[in-house]
Amino acid sequence: MKFKIAQLAGDGIGPEVTSQAVMVIQQIGKLHGHTFEIETGLIGGIAIDQRGSALPPETLKLAKASDAVLLGAVGDPKFDDPKIKERPENGLLAIRKNLKLFANLRPVKVYDELADGAMLKAEVIKGADFVFVRELTSGLYFGKPKKRWETSTGRKAVDSMYYTEQEIERIVRVGFELARLRRKKLTSVDKANVLESSRLWRQVTAEVSKDFPDVTLDHLLVDTCAMSLIRAPRDFDVVVTENTFGDILTDEASMLAGSMGMLPSASLDGIPAKGERTFGLFEPIHGSAPTIAGKDIANPIATILSLAMLLRYSLALEKEAAAVEQAVSDVLKAGYRTCDIIGITANTKQVGTQQMGTLIVKALKG
Ligand code: IPM
Ligand code: MG
């Protein structure tokens, strides 16, 4: 089959990690007889520099004309000045919103071979395997009013945690559907003891649960969830939550997997039925990491695992997706590590970004 993929590398380590994933997909093409046409586009700081906008119209056009988007990362400290209006992050938020990709899946899997060298106790984290379903196009990130102004008593600023029941219902349904395909346990995370939007979230979630009697639903306060992720990560199966809570909790959860460099994500408009495909945007959960950019030390695994999700959800190539995941697992088993996951175990070999990519390409089986 022939597919068109948009590659939006972005800033910092984005170009390094996406180019490794592109090597992987080209090898998948050779081994499995597919043609992947890769077209590049600008997003983030580099797009502001070259086109004056963090999401130029031609990038959005390219995304819409593609079967899926593979994105690296956006962000550059040179845009940190609060007076600057156009920030690299605006490009990312705008593409998610414009493409209506409200469901952000962030799987957290603790590889046995990384658990032993992790900062957290291996006996607590070993075997943890769950998925965050982060709401991506509403909540605190997008709610209005959102502004900053001057008053006679000083500067003020406001962001709004805003949700409609329809927005809550559609994301919670994704959580339930995913749980149904897994261990049938859904944890909905909110702050219902304080926030009105969370009380609505909890109520709508309870209503939707009536359509999924086979799935066990728990409600957890976000602070308790932050604690439980470290205390008993194996208790989780699928976790559904608001945009900002999901952003924060997934960075925390990445430390179970060893590093931010290990967690992939898929942004979709719903879970496709078996054998069907849906357009999506696929990106590692980490940022542009400007301090390590260009040094060939970034971990490309989060992006390569995002590519596996792209193959699965947007191209319905399950066998090929599983082959990529297996290759990553085999390379980790063989002891190869980038510096972020080197750990303290014996028999590990430190490699750079390109070497890790090449090893994964070589480990791919037809
Ligand atoms: C993420 C990132 C983004 C977010 C930033 C770069 C805007 O942290 O994807 O988790 O907050 O969504
Ligand atoms: Mg984040």
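In this predicted model, strand β4 (residues 103-109) and strand β11 (residues 266-268) run antiparallel and are joined by three bridges. One residue of this pairing is Ala103, whose bridge partner in β11 is Leu268.

Helix α3 (residues 57-64) touches β1 (2-10), β2 and β3 (68-73). The direction of α3 makes about 150° with that of β1. Helix α4 (residues 88-98) also packs on the sheet, where its contacts are β1, β3, β4, β5 (129-135) and β12 (281-282). The angle between the direction of α4 and that of β3 is about 160°.

The sheet itself is open and has 10 strands with mixed pairing. Read across, the order is β2-β1-β3-β12-β11-β4-β5-β10-β8-β9. At the edges are β2 (35-40) and β9 (216-221), and each of these strands pairs on one side only. In the order of the sheet, β4 stands between β11 and β5.

A search of the whole structure finds one cavity of 30 Å³ or more. The largest cavity holds about 50 Å³ of space. Its lining consists of Met161, Tyr163, Val189, Asp190, Ser197, Ser198, Trp201, Glu242 and Phe245. Both β8 (185-190) and α8 (196-209) supply at least two residues of this lining, and the largest share, three residues, comes from α8.

Note on methods: Residues numbered from 1 in each chain as written. Chains lettered and ligands numbered in written order. Predicted model: local features only at pLDDT ≥ 70, side-chain atom pairs only at ≥ 80, totals over all residues. Heavy atoms only, no water. Pairing = 2+ DSSP bridges. Helix = DSSP H or I, 4+ residues; strand = E, 2+ residues; numbered from the N terminus. Contact = heavy atoms within 4.5 Å. Axes fitted to C-alpha atoms, helices over the stretch in contact; angles between N-to-C directions. 1 Å grid on protein atoms, 1.4 Å probe; cavity = no way out; pocket = protein on both sides within 12 Å on 5 of 7 lines; lining within 4 Å. Points joined across faces, edges and corners; volume = space filled by probe spheres on them.
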